[in-house]
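Subject: Structure handover and findings

Hello,

Here is the structure I promised to pass on. Please open it alongside this message. My notes follow below.

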Amino acid sequence: MGSASTTTPLPSSPIVSINPATGQPLGEVPDMGADEVRKVVASARAAQQAWGQLSIEARSRRVLRFAEVLMTRAEEVIDLLVREGGKTRLEALGMEVVLVADLVRYFTKHAAEMLAPVPVPLHLMKHRASYLHFTPRGVVGVIAPWNFPFSIPIGETMMALIAGNAVVLKPSEVTPLIAAKAREIYLAADLPPELFQIVTGRGGTGAALIDAGIDFCVFTGSVATGKKVAAACGERLIPCTLELGGKAPAVVCHDADLDRAAQAITWGGFANSGQVCASVERVYAVGSVHDQLVERIVREAKSLRQGDASAGGEVDVGAMAWDRQVDNVEKLVDAAVAAGAKVETGGKRKPGPGLFYEPTVLSGCRQDMDVMRKEIFGPVIPIMRVESEDEAVKLANDSHLGLLAYVFTRDRERGRRLAERIEAGTVMVNDVLNTYACPETPWGGVKQSGIGRTHSILGLRDMCETKHVNHDRVSLGREVWWYPYKDGTFKALLRGARLLFGKRPWQR
Ligand code: NDP
């Protein structure tokens, strides 16, 4: 992590973007150094001055154009998401394009109300009044991962812009072209060019962005990098939101609808090739339903069609986006099998070209296996038999991560009770993944899954400074506690305080 004075020059070899399903290069982008990043942040700051002065309604009207242009050019974006991200067309549409269009519609409609001043009634000092006033932070640095290269950074970007900020985005080196396409659409929507800019590069460019004078950092990525980002922000006292890794458990109760549970878990484990921070990463099934559940998940998994969606044709599971991630999946599965887990289906990397790992279901998993403890981030569903729902909740909570969690039961009351006991930012009952697509709900984790929330009114207000304004309601010459301090005032205040805060006369 570079600091203001010690940032070493960054390596300048360009970054080549690759189609992970074919291994073919798609294009290249520069690896930008600290000086360039600093210039970009400075020009974004200048553009923010005028933008921040506009009313929220005016900003919302202009940002809405982005969603309109996006929908007219949806195929172009989907095509690139498939080619650079290895996704299926349906995932590119539903989890990326539609998600952003809906988010923009939602926040452009509701932001003015969400960021309207909030009165704070004062319980004691009735002669004065307080309210919260939300003002833009300035320049927001968005640092993004490769698994949702459009919906994560562009959703954050649009929220930051609506709130009156400028944005500088550092996309992952694995998926830089999608970020460039998003900016193309932004420019086509006739938004101010310097207000939203992109700095491409490797990890060092992300570090340089934090060091370049931003006012807020929205980071999404791994726990390891998140800790570095938190330290760098801490050193500069820049507030940050950290959206980090997950290890979502699915608790399957004795009374679960097993067909629904099996289908949900299969989709939740394999969608986006399992490269979702909210993926079903471990299943705890109570003994009475365990075998039937495994059988159904295996049946579902075996029916999936895996392949290169960029070649056309219907595909359920696309390519993985990054070779290092395939190595990680291979290592975790091999270690689990060596420790006694059973491969019910899948269990190996497919021969190239392209980065494919077979949709894999493991049974006989134990809590001490890495596959049940570390983030897999690939198409693998490890399943463990448990005695009871209580044991499942205990094991679900036995993790350093806590982003999403899932409970399957036909008894809604039981579902809510269990949900409230599981340590996670979001717990869904009888469903998986979906709430990222609900812009009105907060997204974020507990424990090492992160700090802060994105989306929802909480995420939008986090894009702002919360200013507290306190003003007079009636004109008084002076306050009673001001100088000079007098014995009489002391006695009167003490009498008043006893009356207010002591035992009430009628309670004595
Ligand atoms: P990384 O942490 O490796 O990278 C995230 C971003 O940080 C990338 O743009 C990366 O650049 C950049 N970066 C790397 N080093 C630094 C640094 N020192 N300072 C600043 N920025 C840096 O994560 P991945 O891209 O591998 O993403 C996968 C992870 O993201 C998983 O753990 C997943 O769970 C998590 N995630 C969390 C989500 C959530 O909402 N909680 C959502 C989606 C993913 P570069 O790529 O060029 O190295």
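A residue counts as exposed when its relative accessible area is over 50%, as buried when that area is under 20%, and as partly exposed in between. Gly 313 has a relative accessibility of 63%, so it falls in the exposed class. Keep in mind that this is a predicted model.

Gly 313 sits in the loop between α10 (287–302) and α11 (323–338).

Cysteines

How many disulfides does a search of the whole structure find? The count is zero. A disulfide needs two cysteine sulfur atoms within 2.5 Å. Take Cys 365. Its closest cysteine sulfur belongs to Cys 253 and lies 19 Å away, so the gap is too far for a bond. Cys 365 is buried, because its relative accessibility is 5%.

Cys 438 gives another case. The closest cysteine sulfur is in Cys 277, at 14 Å, and that is again too far for a bond. Cys 438 has a relative accessible area of 28%, so it is partly exposed.

Cys 240 is found in strand β9 (residues 240–243). With a relative accessibility of 22%, Cys 240 counts as partly exposed. Between Cys 240 and Glu 440 there are 200 residues in sequence and 21 Å in space, taken from C-alpha to C-alpha.

Aromatic pairs

The count of aromatic pairs comes to six. One of them joins Trp 146 and Phe 377. The geometry is edge-to-face, with 5.5 Å from centre to centre and 75 degrees between the planes. This pair links distant parts of the chain, 231 residues apart. Trp 146 is in the loop between β5 (139–143) and α5 (151–162), while Phe 377 is in the loop between α12 (370–373) and β14 (380–386). Are these two residues buried or exposed? Both Trp 146 and Phe 377 are buried.

Tyr 186 and Phe 196 also form an edge-to-face pair. Tyr 186 belongs to helix α6 (residues 176–188) and Phe 196 to strand β7 (residues 196–198), so the pair ties together parts that are ten residues apart in sequence. Tyr 186 is buried at 0% relative accessible area. Phe 196 is buried too, with a relative accessibility of 0%.

There is also a cluster to look at. Trp 146, Trp 322 and Phe 377 form one aromatic cluster.

Arg 137 lies over the face of Phe 216, 4.2 Å from the ring centre.

Helix packing

How do α4 and α5 run relative to each other? The axes of helix α4 (residues 89–114) and α5 come within 9 Å and cross at roughly 15 degrees. Angles under 35 degrees count as roughly parallel. The two helices, α4 and α5, are therefore roughly parallel to each other. The crossing of α4 past α5 is right-handed.

Backbone points to check

Two cis peptide bonds are worth a look in the viewer.

- Gly 352 and Pro 353 are joined by a cis peptide bond, with omega about 0 degrees. Pro 353 is in the loop between β12 (342–345) and β13 (360–363).
- Tyr 483 and Pro 484 are joined by a cis peptide bond, with omega about -5 degrees. Pro 484 is in the loop between β20 (464–472) and α16 (487–501).

Then there is positive phi.

- Asp 190 is not a glycine, yet its phi is positive, at about 65 degrees. It lies in the loop between α6 and β7. Asp 190 is exposed, with a relative accessible area of 58%.
- Asn 272 has a positive phi near 55 degrees, and it too is a residue other than glycine. Its place is the loop between α9 (258–270) and β11 (280–286). Asn 272 is buried, with a relative accessible area of 4%.

Best wishes

Definitions and conventions
Residues are numbered from 1 along each chain as its sequence is written. This is a predicted model: local features need pLDDT of at least 70, side-chain atom pairs count only at pLDDT 80 or more; totals for chains, interfaces and linings use all residues. Side-chain values use heavy atoms; hydrogens and water are left out. Buried means under 20% relative accessible area, exposed over 50%, partly exposed in between (1.4 Å probe, protein chains only). Rings of Phe, Tyr and Trp (its six-membered ring) pair if their centres lie within 6.5 Å; planes under 30 degrees apart count as stacked, over 60 as edge-to-face and the rest as tilted. Helices (H or I, at least four residues) and strands (E, at least two) are DSSP runs, numbered from the N terminus. A charge sits over a ring if NZ of Lys or CZ of Arg is within 6 Å of the ring centre and within 35 degrees of the ring normal. Axes are lines fitted to C-alpha atoms, for helices over the stretch in contact, and angles run from 0 to 180 degrees between N-to-C directions. Angles under 35 degrees count as roughly parallel, over 145 as roughly antiparallel, 65 to 115 as roughly perpendicular and the rest as oblique. A crossing is left-handed if the near helix is turned anticlockwise from the far one by less than a right angle, and right-handed if clockwise.
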